[in-house]
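Work through the exercises below with the model at hand. Each task is followed by its solution.

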Amino acid sequence: MADGPPPTTRRRLLAGLGATASAAVAGCSERLWSRAETSPPERVSLSIKTVPTDEDVVAAKISNQLIENLRAAGIEANPEPMAEDELYREVLVDHEYDLFVARHPGFDEFDALRPLLHSKFVSERGWQNPFSFSNPTVDEHLEEQLTERGYDRLAAFSDLFEHLQDTAPYTAVTFPDHLCAANGLDTLSTAPRRPLEYIELLSTPPADEDRDEPLRVGVSGDGAFDRLNPIVVTRNDVRIALGLLYDPLARIVDGDLVPWLAETVDWSRRESSLRATMTLREDARWHDGEPIDADDVAFTVRFLADTSLGNHEGGVPAPRFRGRGTLIDEVTVEDPRTVRYRFETTSPTVARRALTIPLLPRHVWEPESELVADYRTAALARANENPVGSGLFAFESRTDDGIALEPFDDHALLDGRSELLAEFPAYDGLEFVVEPSAGTAVESLENGDLDLVGSPLPPGEFERLGDDVTPLSAPTRTFYVIGYNLRHPELSNHRFRRIVSRLVDREYVAEEFSLGHARPAATHSAVVGVEPDTWEFPQSAGVATFPGSDGRVDVDLVRSLFEEAGYRYDDDGSLLV
């Protein structure tokens with residue numbers, strides 16, 4: 001990675017100054033017009049949606065601190081706790097919220113910021129711009145990073161982070177460690193949290209070599225596996241299971257692109273176009289025995305872009321993998337085993353993300369393209385109770401309290417297998433066992449009924465683990481996020497949002513709520529969700545400080561901040577629109 005500060009071009013400098021000035025004028029203008037209106041002023045009111053304490057104690061505590069500090073600032077703030085699935089539906093699908101507090105899955109690559117923030121995704125669902133955020137300068141930086149390489153690409157992101165410091169429609173609070181525990185897995189030294197890490201675990205023989213049982217993983221949350229649909233928004237535990245059931249053309253392993261269902265990947269250039277030609281493994285098959293061919297690859301790309309396959313004007317995109325899919329400008333099927341992607345405005349660094357999209361069997365999903373409601377297809381409503389994928393594990397059955405997966409012995413990777421899969425499968429399958437709570441999951445682990453608690457444990461539960469189990473932790477790119485719905489008239493004002501973003505004490509959350517098992521988002525790149533250890537470029541500025549101490553705001557200071565932003569208070573101390 002290059003050393004030294006990014007080059008500041010005159011174009012970037014003038015663009016940044018112009019955007020900052022116009023944004024500041026816009027904020028003041030909104031307040032002036034509001035005051036000039038003849039209608040009586042209204043009190044500012046906000047609702048905050050998050051999961052209840054028994055589902056995520058840290059998220060609930062962040063929400064409570066925010067509510068208390070908003071009220072101290074004269075804002076009517078109301079909590080709306082709800083189950084995780086309901087929260088995802090209302091926020092990411094229906095866009096019915098003011099603010100939300102949730103655990104974002106994190107970014108696998110910097111380009112993941114593009115679908116989250118670019119205005120072209122403003123009408124879509126899932127983690128594609130659920131904020132109704134539109135900013136030409138942000139769009140420009142996100143498009144610039146697609147084509148730039150190395151130092152210049154980092155410079156584009158540096159400019160983006162600085163601009164988002166004033167305008168971002170969300171703010172990261174902390175980056176929590178993944179906390180879990182194991183019983184009897186002596187070779188496991190860190191918490192597994194990705195499909196590849198589970199594959200590695202399931203390829204490592206247990207200490208009891210005579211064991212002829214599946215690996216049992218406990219997860220918390222009723223109904224966690226009711227839907228095994230790989231193209232809709234799901235909770236993290238389900239994403240892991242789906243990542244084992246559905247394979248991509250290639251995976252990124254330790255920073256390198258490794259062919260998976262593809263036997264080879266060849267990159268080339270023709271004029272301005274970048275091309276990737278993939279040859280599928282000869283014996284690649286779906287779990288139902290049907291061969292995987294190039295038509296399935298082309299279908300997957302087309303289906304993610306429009307699950308209605310042309311039956312709805314404007315299309316009905318899938319909520320997952322959209323950002324990666326939009327990188328591809330054209331798909332060409334050359335023969336049953338060969339398919340080519342064309343990229344017009346994408347560098348190789350970014351383009352390879354498109355190869356990590358899990359493939360879908362055309363013969364299963366093509367009939368699911370009919371519309372069942374407005375902007376909703378059968379594919380998006382599908383529970384997918386008996387998924388047909390192509391991964392190293394196939395769906396076996398549903399149990400009373402979870403699902404069972406079995407090794408897929410016909411997987412093409414098992415012929416001439418790599419060192420990673422030399423001992424695969426080391427267990428007789430994999431079971432995900434749903435527990436009512438994290439506490440009961442730990443009890444089952446201590447009793448020997450589970451081998452691993454896979455769901456993140458609350459910090460307090462993690463600290464109370466007994467000596468008969470092994471505590472496991474790992475830093476993650478996951479972050480707690482406060483999201484703002486810019487459809488709300490006050491939240492559309494970036495000056496208002498920036499003050500609200502300061503009303504959570506990040507250091508306090510990391511030390512007190514997470515008991516030290518988290519890192520605060522303390523830099524201007526971290527507050528937009530870029531994990532500190534992944535961003536080595538110089539930081540030109542920090543985030544605005546918390547206006548108080550120990551999680552409680554200085555009331556006079558906060559109220560002065562709102563007044564400086566053009567707001568005023570009534571005689572009762574309520575903030576007025």
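**Exercise 1.** State the handedness of the crossing of helix 5 and helix 6, then derive their relative direction and describe their contact.

Solution. The model is predicted. Helix 5 and helix 6 cross in a left-handed manner.

Step 1. The residues in contact are T137, V138, H141, L142, E144 and Q145 on helix 5, and R153, A156, F157, D159, L160, H163 and L164 on helix 6.

Step 2. Sorted by class, this contact of helix 5 with helix 6 has 6 nonpolar, 4 polar and 3 charged residues.

**Exercise 2.** Classify the aromatic pair of F225 and F432, and say which parts of the chain the pair ties together.

Solution. Step 1. The structure holds 20 aromatic pairs. In the pair of F225 and F432, the centres are 5.4 Å apart and the planes make an angle of 35°.

Step 1. Planes under 30 degrees apart would count as stacked and those over 60 as edge-to-face, so the pair of F225 and F432 is tilted.

Step 2. F225 sits in the loop between strand 7 (215-220) and helix 8 (236-245), and F432 in strand 18 (residues 430-435), so the pair ties together parts 207 residues apart in sequence.

Step 3. The cut-off for buried is under 20% relative accessible area. F225, at 3%, is therefore buried, and so is F432, at 2%.

**Exercise 3.** Which residues do ring pairs link into a cluster with W535?

Solution. The cluster links F110, F157 and F161 with W535. F157 also belongs to the helix 6 side of the contact in Exercise 1.

Notes: Residues numbered from 1 in each chain as written. Predicted model: local features only at pLDDT ≥ 70, side-chain atom pairs only at ≥ 80, totals over all residues. Heavy atoms only, no water. Left-handed = near helix turned anticlockwise from the far one by under 90°. Helix = DSSP H or I, 4+ residues; strand = E, 2+ residues; numbered from the N terminus. Contact = heavy atoms within 4.5 Å. Nonpolar A, V, L, I, M, F, W, Y, C, P; charged D, E, K, R; others polar. Phe/Tyr/Trp six-rings, centres within 6.5 Å; stacked < 30°, edge-to-face > 60°. Buried < 20%, exposed > 50% of the residue type's maximum accessible area, 1.4 Å probe, protein only.
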